[in-house]
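Open the model in your viewer and keep the selection panel at hand.

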Amino acid sequence: MRIVALPDENVTLTLLGHDMAEASVSGSPFMQSVADFNRALRRYSADSLARIADSGKRTMEFYRFKQDYILSHRNDDISVWILNMPVAMCAQVIDSISPEVRSGFLAPMYTRAAENVADYRRTLIAREAIAPGNMAPSFTLPDISGRMVSLESLRGRWVLLDFWATWCGWCIKGFPEMRQFSQEHSAQCAVVTIDCRESREVWADYVSSHSMPWINLWIDPSADTNPMRSYAVESLPTKVLIDPEGKIRLVVNGHTDNFFLEVKSLITSSSL
């Protein structure tokens, strides 16, 4: 149990036996609202959640209960206290919380949740932007020699982007097949690996000590512009196939065994 008290508040904790779940707190209006929420949740659990056999569905119903509670207590600090839920569900209710509560004593908690929601919403917009048929977002990144390489400079050929990192086992697992693909189709398709979320030194050491016969680029984690955001990269590896006109044709998250077969099929069919 977490107990919150504002300056000059006296809080009393009363234990009934050894079960902290049955403890009660008095003296703090906020802790009283926490106790009210916990009582409401226990009643809902006994009346509704206990009847749901599937644990996944039970968890989702628990979060929906919290959403409804937030909407009905949007002017109370408890609405921020119980915001810990999947970000997609948090995004559905966070804007309903009153300005007074947002700037209240739980403002740091609200700010963290709001930042997570903002990142989530930016990712949704980026996902829509990189749907097949849309123009690929532009970028310019340094290669292993420090030369700046832009996506536009590769226009006229197919381009295969691979967002990866040296610590990503599934990324490394895909390199032998990518190496073979690059050797067979380099005239038609430029392979571009884009290292993410690590220092330049770690990336450069790996590239220098391994056979990576394609364009190797690096994202500076401290840079203001980051293609990971514009390409909605949430997991590694993420691969994006761009056609000679600069339009996105395929986006795949994670390692898949048939990825290069699909890429070859797209490239071959376009040349017929």
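The tour below goes from cysteines to a helix, then to the cores and the aromatic rings.

Before you start, note that this is a predicted model, where local features need pLDDT of at least 70, side-chain atom pairs count only at pLDDT 80 or more, and totals for chains, interfaces and linings use all residues. Residues are numbered from 1 along each chain as its sequence is written, and side-chain values use heavy atoms, with hydrogens and water left out.

**Stop 1: the cysteines**

Select Cys168 and Cys171. They form a disulfide, with sulfur atoms 2.3 Å apart. The cut-off for a disulfide is a pair of cysteine sulfur atoms within 2.5 Å. By this rule the count is 1 disulfide. The torsion about the S-S bond of Cys168 and Cys171 is about 80°, so the disulfide is right-handed. Both Cys168 and Cys171 are buried. Buried means under 20% relative accessible area, exposed means over 50%, and partly exposed lies in between (1.4 Å probe, protein chains only).

Cys196 is buried, at 0% relative accessibility. Cys90 is buried too, with a relative accessible area of 4%.

**Stop 2: helix 9**

Select residues 200–209, which make up helix 9. Helices (H or I, at least four residues) and strands (E, at least two) are DSSP runs, numbered from the N terminus. Show Trp203, Ala204, Tyr206 and Val207: these are buried. Look down the axis of helix 9: its buried residues fall within an arc of 165°, so they line one face of the helix. The arc is taken from the directions from the helix axis to the C-beta atoms. Turn to the other side of helix 9, where Glu201, Asp205, Ser208 and Ser209 are exposed.

What covers the buried residues of helix 9? The cover includes strand 5 (158–164), helix 8 (175–185) and strand 6 (189–195).

**Stop 3: the nonpolar cores**

A nonpolar core is a set of buried Ala, Val, Leu, Ile, Met, Phe, Trp, Tyr and Cys residues joined through side-chain atoms within 4.5 Å. Select Leu161, Phe163, Ile194 and Tyr231. Of the 50 residues in the largest nonpolar core, these touch the most other members. Elements that give two or more residues to this core include strand 5, helix 9 and helix 11 (259–270). The largest share of this core, 6 residues, comes from strand 5.

Zoom in on Leu161. Leaving aside neighbours within four places in sequence, Leu161 is in contact (heavy atoms within 4.5 Å) with residues including Phe139, Val192, Ile194 and Tyr231. Apart from this core lies another, of 27 residues, among them Trp81, Met85, Val93 and Leu106.

**Stop 4: the aromatic rings**

The structure holds 15 aromatic pairs. Rings of Phe, Tyr and Trp (its six-membered ring) pair if their centres lie within 6.5 Å; planes under 30 degrees apart count as stacked, over 60 as edge-to-face and the rest as tilted.

Select Phe65 and Tyr69. Their ring centres are 6.0 Å apart and their planes at 40°, so the pair is tilted. Phe65 and Tyr69 are 4 residues apart in helix 2 (residues 55–72), about one helical turn.

Finish with Trp164 and Phe175. Their ring centres are 5.1 Å apart and their planes at 70°, so the pair is edge-to-face. Trp164 is in strand 5 and Phe175 in helix 8, and the pair links distant parts of the chain. Both Trp164 and Phe175 are buried.
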